Structures are given as C-alpha cells and as structure tokens.
Amino acid sequence: MTIVTATSAYERWARRRIGLIGADIVVKHRRMHDAAFPFLRATFYRWCELYHDACPHLAAAPKLLAVGDLHIENFGTWRDAEGRLIWGINDFDEASPMPYTVDLVRLATSALLAKREHRLSIGARQATAAILKGYRATIERGDGRPFVLEENNPELRAMAMGEERDPVRFWAKLTGFRAVSPPRPVRAMIARRLPEENGAPRYVHRIAGLGSLGRARYVGIAQSDGGLVAREAKPTLPPVYGGLRADAETYYTAIIARAVRAPDPFVAVEQGWLLRRLAPHCTRIELTELPKRQDERLLLEAMGAETANVHLGSREALAALRRDLKKRGTNWLYHAAAAMAEATLKDWKDWRAS
C-alpha cells in the first residue's frame, strides 16, 4: 500500500465515523507536503504499517497501554486540581495496547527528523541516548514522578513559560478563529464546563494539531471575572494501531487514570467527544514556542521519563518490560529511529511527488 492509498483509506474511514472538514484536510495535506516532521505527526495510521516492516524485532516486544502517536511536540502544560503548572504528554488520541517500543521509537524518530530540519541542534545519537536514559531510569526506579513546575524542574519551567506562549498572543489567536454554531449537544457539554457566571459564550472552530486536523474542534469562549476562559470539544476516533476498525475501544481516559500523573481536572470524554480547558499555559508546546536557548538534552531526557510515567500505569507488564529493555543494550533505539526516519522520508518524498 502506498502513502496516498493509506491516507485515502484513513480519511474515508474517519469521514464515515465522525465527518471531516474538507478545508482543514486541504491544510493538513499541504502541511504534510511542507516537511518530513509535520508529515510524521500527521500520519500515525501509516506509521503503524511501516513499523512492523522496518522494526519486526521490536514489534514483538512486551505490550502495554501506550500513547501511540508520540512525538516531541506532543508535550505541553496544564493546571492540576491544586492550580499547579504540570508538564507532560498532551494528547492520547491513539492510546491503545501495543509494544512499549512504539512510543520510544516514534519519539526518537521525531527528534531525528526535527534535527534534520534544524528544529533541534543536538546530535542524533545524543538525542536518542537522552530519551532512553530518562525512560530507563524511571522504569528501573519504578515509582515515577510527575513534572510539577513549581518549586521543582526550574529548567522545564523556563521553557514552558517562554514569551512565545504569552497570554495576549494566545487569546488573540484563539478569538481570531472563524465563528461557528456547534451542534446543540456539543454546546451543552461545553456550557456545563464554563464558569456559571459567564455571559453567553462565543463559539469558534479551532484549527490545530496535525494528526487530528480535519476533525471539528469547537471552542466556547466566554468572559468570566474580568478575563477570558475557553473550553474545547473534539470528536474522538478509535485508535488505529492494529487496523481501521469500527469497534475498537477508546483508551483516552483509561491511560490518564493509570499513569503516574497530576491530571488536568478539566479533561473528560463524553458522548464521543474529548473535552478540555484551553488557556495560555494549558496547551501543547511547539518547538517554535521554546526559548531560543534551551537544554535539549535535559528536555529529551524528561520526555523519556514522562513516557515511562505513562507506561508505569501498566503494572502487569513491567517485569517483562524490564527484562526486554535490559537485553537490548544502549544502541537499539538509535538504529530503530534511524530506520523509521528513513522509511518516513521515503513516504514523504512519495507524498510530495504525488
């Protein structure tokens, strides 16, 4: 199957289940054309096929509840129930049981492609070594530690609070999206999650992400106590690992509940919709939003540790995981990521040629 055929099949399947917005799909296809890193982000359905061909020795690794569509821009911040700023994995749309190696190799592959496009400066081997170091240390320790950006993790806090995430810029962008009228049930779900004292919310269609670009994203924006607040609703799809199935279970809430995590109390799945709070520091962090000077090794090590925080939720798989991880040594992740980067680049070039 070619990348064009795989993309058409995925979009037909998604359109039958939740509908897709044609104009947004055009934007998605254009971004897939622009560079290999956004192409990777947009095509997890294709990754699943390539992984079993390029890394058959890893596809048989112990399974657990994994993120799936993991990459270096699938990290962000949120506020927990205590109001503390937390850093970690931002999106679990594709969470499902799969080999633990999928998350590590996809994260490392995204770093190699970002390095190729000058989005990172760290060397390829150093990048994969940092990811594996953070992951291995947390898995071996076994207890995990959420990344609370208060008195701890000052380097991550500085990255998360960079000027590119300025509240004025955030609200200007969000309120600038096209006004829409969501379906009545969606309006009701959003309204229930806005502060009671707010005025009538204004609804916009948010264009964001790449893997889920094309889905409806309805955001309710309201005034509350002199400032703006926002809640988003996005339709969910079954995970695609293992094929495009209509009856696959959605694991979004399950993986969050099991992970070592200080959760966002506003995240919920209701009637097939993912609901969450949006705010200047309650969003995903893109590489362009990080400070120009940053400790990339520390950041990638933290990403590896956060991946382990999620995997620690699958307690029944940890003994087999530790045995498997120990026997693989130190260089396997670099070689696997290099193989997947090569396969992804070939697909991207085929996509551009089409």
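Axes here are lines fitted to C-alpha atoms, for helices over the stretch in contact, and angles run from 0 to 180 degrees between N-to-C directions. On that basis, helix α7 (residues 124-141) and helix α13 (residues 318-327) pack at about 140 degrees, with their axes 11 Å apart. The model is predicted, so local features need pLDDT of at least 70 and side-chain atom pairs count only at pLDDT 80 or more, while totals for chains, interfaces and linings use all residues. Residues are numbered from 1 along each chain as its sequence is written, and side-chain values use heavy atoms, with hydrogens and water left out. Helices (H or I, at least four residues) and strands (E, at least two) are DSSP runs numbered from the N terminus.

**Packing of α7 with α13**

- The angle of about 140 degrees between α7 and α13 makes α7 oblique to α13; angles under 35 degrees count as roughly parallel, over 145 as roughly antiparallel, 65 to 115 as roughly perpendicular and the rest as oblique.
- The crossing of α7 with α13 is left-handed; a crossing is left-handed if the near helix is turned anticlockwise from the far one by less than a right angle, and right-handed if clockwise.
- From α7, Leu 132, Tyr 135, Arg 136, Ile 139 and Glu 140 meet Leu 321, Arg 322, Leu 325 and Lys 326 of α13, contact meaning heavy atoms within 4.5 Å.
- This contact of α7 with α13 holds five nonpolar, no polar and four charged residues; Ala, Val, Leu, Ile, Met, Phe, Trp, Tyr, Cys and Pro count as nonpolar, Asp, Glu, Lys and Arg as charged, and the others, Gly among them, as polar.

**Packing against α14**

- Helix α14 (residues 332-353) packs with α7 at an angle of about 125 degrees, their axes lying 9 Å apart.
- α7 and α14 are therefore oblique to each other, and α7 passes α14 in a right-handed crossing.
- On the α7 side the contact is made by Ala 124, Arg 125, Thr 128, Ile 131, Leu 132 and Arg 136, and on the α14 side by Trp 332, Leu 333, Tyr 334, His 335 and Ala 337.
- Seven nonpolar, two polar and two charged residues form the contact of α7 with α14.
- Helix α6 (residues 100-116) also packs with α14, at about 65 degrees and with the axes 8 Å apart; the crossing of α6 and α14 is right-handed.
- Residues of α6 that meet α14 include Leu 104, Val 105, Ala 108 and Leu 112, and among their counterparts in α14 are Ala 337, Met 340, Ala 341 and Trp 348.
- The contact of α6 with α14 comprises 14 nonpolar, three polar and one charged residues.

**Pockets**

- The largest pocket has a volume of about 1100 Å³; on a 1 Å grid over the protein atoms alone, a pocket is an open set of points with protein on both sides within 12 Å along at least five of seven lines, whereas a cavity is a set of points where a 1.4 Å probe fits but cannot get out, and lining residues have an atom within 4 Å of a point.
- Grid points are joined across faces, edges and corners, and a volume is the space filled by probe spheres set on the points.
- Of the 48 residues lining the largest pocket, Arg 41, Ala 208, Gly 209, Arg 284 and Glu 286 are the closest to its centre.
- The lining of the largest pocket has 15 nonpolar, nine polar and 24 charged residues.
- The second largest pocket holds about 300 Å³ of space, and of its 16 lining residues the closest to the centre are Thr 138, Arg 141, Phe 147, Asn 153 and Ala 305.
- α7, α8 (154-160) and α12 (296-311) each supply at least two residues of the lining of the second largest pocket.

**Cavities**

- Three cavities of 30 Å³ or more are found in the whole structure.
- The largest cavity contains about 80 Å³ of space, and its lining divides into 11 nonpolar, no polar and no charged residues.
- Among the residues that line the largest cavity are Phe 75, Trp 87, Met 159 and Met 303; α8 gives the most to this lining, with three residues.
- The second largest cavity has a volume of about 60 Å³, and its lining includes Tyr 10, Glu 11, Lys 28 and Arg 215.
- α1 (3-18) and α2 each give two or more residues to the lining of the second largest cavity, with the largest share, three residues, coming from α1.
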